[in-house]
Amino acid sequence: MKKAFNQNWIENLKIQETASSWLSKNLISADQLSTIKAVFAEHFYRPGIFIKIGLFLFAIIACSFFAGFASIFLSGGGSDAAIVVLSLVCLGGYAFSLEYLIKTRNLFHSGVDNALLYSAIGAAMTPVFILFNNLEIWQYCIFMLFIFLFAVLRYADFFAALGLFAVILTLVATLLVKFPLGKALLPFAVMALSAAIYLAVKRIKDTYYHDRAKLLEVLSLVTFYLGGNYLVVREGNAFLNELNAPVSPQVAFAPLFYFFTIIIPLAFIIGGVRKKDRILFILGLLSFAFSVFTYKYYFGFLTPAQGITVAGALMILLAVASIKYFHTAKHGITDEQDSKRKFANLEAIIVAQQIGQSPQHGGPEFGGGDFGGGGAGEAY
Amino acid sequence: MNTRSILRALADSGIISSPQSAVIEKFETEKPFSIHSELRSVLYLGIILFGGGVGVIIYENIDTIGHQAIIGAIACVIIVCFYHTYKNRLPYTSSEVENPNKFSEYSLLLGCTTFLALEGYLQFQYQTFGTRYGLTVLIPTIIFFFCAYRFDHRGVLSLAVTGLASWLGLTIAPMSILAGNDFTDIRIIVLAILLGVMLVALGWTSDRYRVKRHFSFTYLFMGGNLACLAALTGLFTHDYKIIYFLIAGGLCYFFILRSREEQSLIFLLMGVIYGYVIITYALFTTFGDTAAALLATYYFLFSSIGVIIFLLNVKKFLGIKK
């Protein structure tokens, strides 16, 4: 598959980023870094995240009104054939603009190209849904699989990779639930599939796909854990078999899923530390939190507020103890700051959103504000 | 590409020597795994959960035996936190203070969130401040403003700003502005615009006169969103549209200029999005419904392309170097 972006520039970008991190550790000199930037140059248009968001929003508006604009000439009374022609014309327009802008403006995941790509994907899918409107889900999935695969291989796009992963998972799941045995084996199939995808993307060495491989790593680890999580399996089982009991019934192999729920987060955390794999480590922490929630969901004896308070207190104690313990590096772990703090402003706003909303408890005199303190509960 | 292939590429082009390359490779393979930011996130989240949970627990346990004990425990937490912050304080300066103590920033935040819970409860149970409800909100607000400046803490500053807003009967938390405020009441709109503009002015002043310059983001972002959303709602639903149009337009213009001086593009995004909405609305109401229906497709297609061209060349237009 021919790649849309300049492979050399992407590799140079990676070299520059690595070299900058070495400069902050005083491993190379500032002169060396500027030589590196000159020798390994890249000329992508890479605006900051906020400009990207703006570009993306307005490009999506432009794309949808381009479709509206084209429909003035092509709608032809709204027959199926006319809509198919319209979406093919739009597809052509989006794809041409996408390629043209990447070539001339050196776009590189800059917002506009993302918006054009998604519009093109949407336009490519519309004819299939219009022309074949009574296919089964898995047949649509196969078609979407090819479109997403193309988008990922050529553009290495974030949401295309996300879509590809979702489509593969949906494909396998919808085929399996057709059979009674398949329903029972679904959790194991999800885990096996996730493990296979994880091992496969771990082998990708091409820098062009580096970030997307990381994304697929995250997704496959998440589905691997959720496939074995007791809560997901038990509630999912009740949902798939349409059991409308107030309490979903116990599942087969329950001890095995208890075991998975406990052991997978621990394995992630330990593996993350051992292999210095940050993705594994962070997902280990998050899945551990979800495992605690799973336990509390079935065997909890605390009210939600008590649960949140105890969890918060434990997290504070654990974090403080670890920060003190790892003050000097031990067992290959350290508390030393790796990179500069990036989200100080954002953190402040989060505090305001979560706790700051009007301290009083239901005082009618204060109009506006609502009591937002408990809001963090669901997220936990 | 991995460390080794990057090092080989750099060594091949003669930028780094082979001993230096060996040093870097040794460093990369032997450096310990840093869990600094993960631990800070766990700590931060723990404080937010604890502060939120405690606020509810107090009310859940009114009339039980453990009640006094819970109040006592919370009071102890507050005292310990503030004492820890006070003990590790640094002298006040108007620039950003980097406290070498690892926990002082977090103990202050924990102290403030639990104080909020306790103080609200004391008023609820014992009417500590009688019927002067405003005082219940104003006291923590003043304390938080003082702490934010004295101990240099952005999180506490944003708590203070939310407190100030709720003293006036407004909700300022960015995701809750539209849901939390009753903008059908014209008084609320005017109040929100006034507070928002005042905060924006405060943010601008703190940047201009270099008093805690790093606070200006919090003021500008929170105040700007409040004022812009209030002015937009006023523009859509109330009379005297021209006044709201001028206020919102002026703020957008200010934000776009701000982004140039501060090299902070989030304000550019705010200015462009709010600006686009008000200009679009103004054009469509001026030309009436029929013209709007006819021209909408062309207008949105070409105006959004125009905005894209502006954003693609924004650094040139605004003279931003970064």
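Reader: Which residue stands opposite A:Ile333?
Author: B:Phe33, in strand E1 of chain B. This is a predicted model, where local features need pLDDT of at least 70, side-chain atom pairs count only at pLDDT 80 or more, and totals for chains, interfaces and linings use all residues. Residues are numbered from 1 along each chain as written, chains are lettered from A in the order written, and side-chain values use heavy atoms, without hydrogens or water.

Reader: Parallel or antiparallel, those two strands?
Author: Parallel. E1(A) and E1(B), residues 33-34, pair over two bridges. Strands pair if DSSP finds at least two bridges between them. Strands (E, at least two residues) and helices (H or I, at least four) are DSSP runs, numbered from the N terminus.

Reader: How many residues does each chain put into the contact?
Author: Chain A gives 93 and chain B gives 92. Contact means heavy atoms within 4.5 Å.

Reader: And what area is buried between them?
Author: About 8,400 Å², with carbon and sulfur atoms giving 75%. That is the accessible area (1.4 Å probe) lost by two parts on being put together, summed over both.

Reader: How many salt bridges between chain A and chain B?
Author: Three. One of them joins the side chains of A:Asp335 and B:Arg40, at 3.1 Å, N to O. The rule is a side-chain nitrogen of Lys or Arg within 4 Å of a carboxyl oxygen of Asp or Glu. Over all chains the count is 13 salt bridges.

Reader: Why would such side chains pair?
Author: Opposite charges can pair when the charged atoms come close.

Reader: Switching topic. What ipTM and pTM does the complex get?
Author: The predictor gives 0.84 for ipTM and 0.84 for pTM.

Reader: What does chain A average in pLDDT?
Author: 83, with 91% of its residues scoring at least 70. pLDDT is the predictor's confidence in each residue, from 0 to 100. Chain B also averages 83, with 96% of the residues at 70 or above.

Reader: Where is confidence lowest in chain A?
Author: In helix H15 (residues 376-379), at a mean of 31. Helix H7 (residues 158-176) is highest, at 93. Over residues 358-380 of chain A the pLDDT is below 50. That stretch still has 47 contacts in the model beyond near neighbours in sequence.
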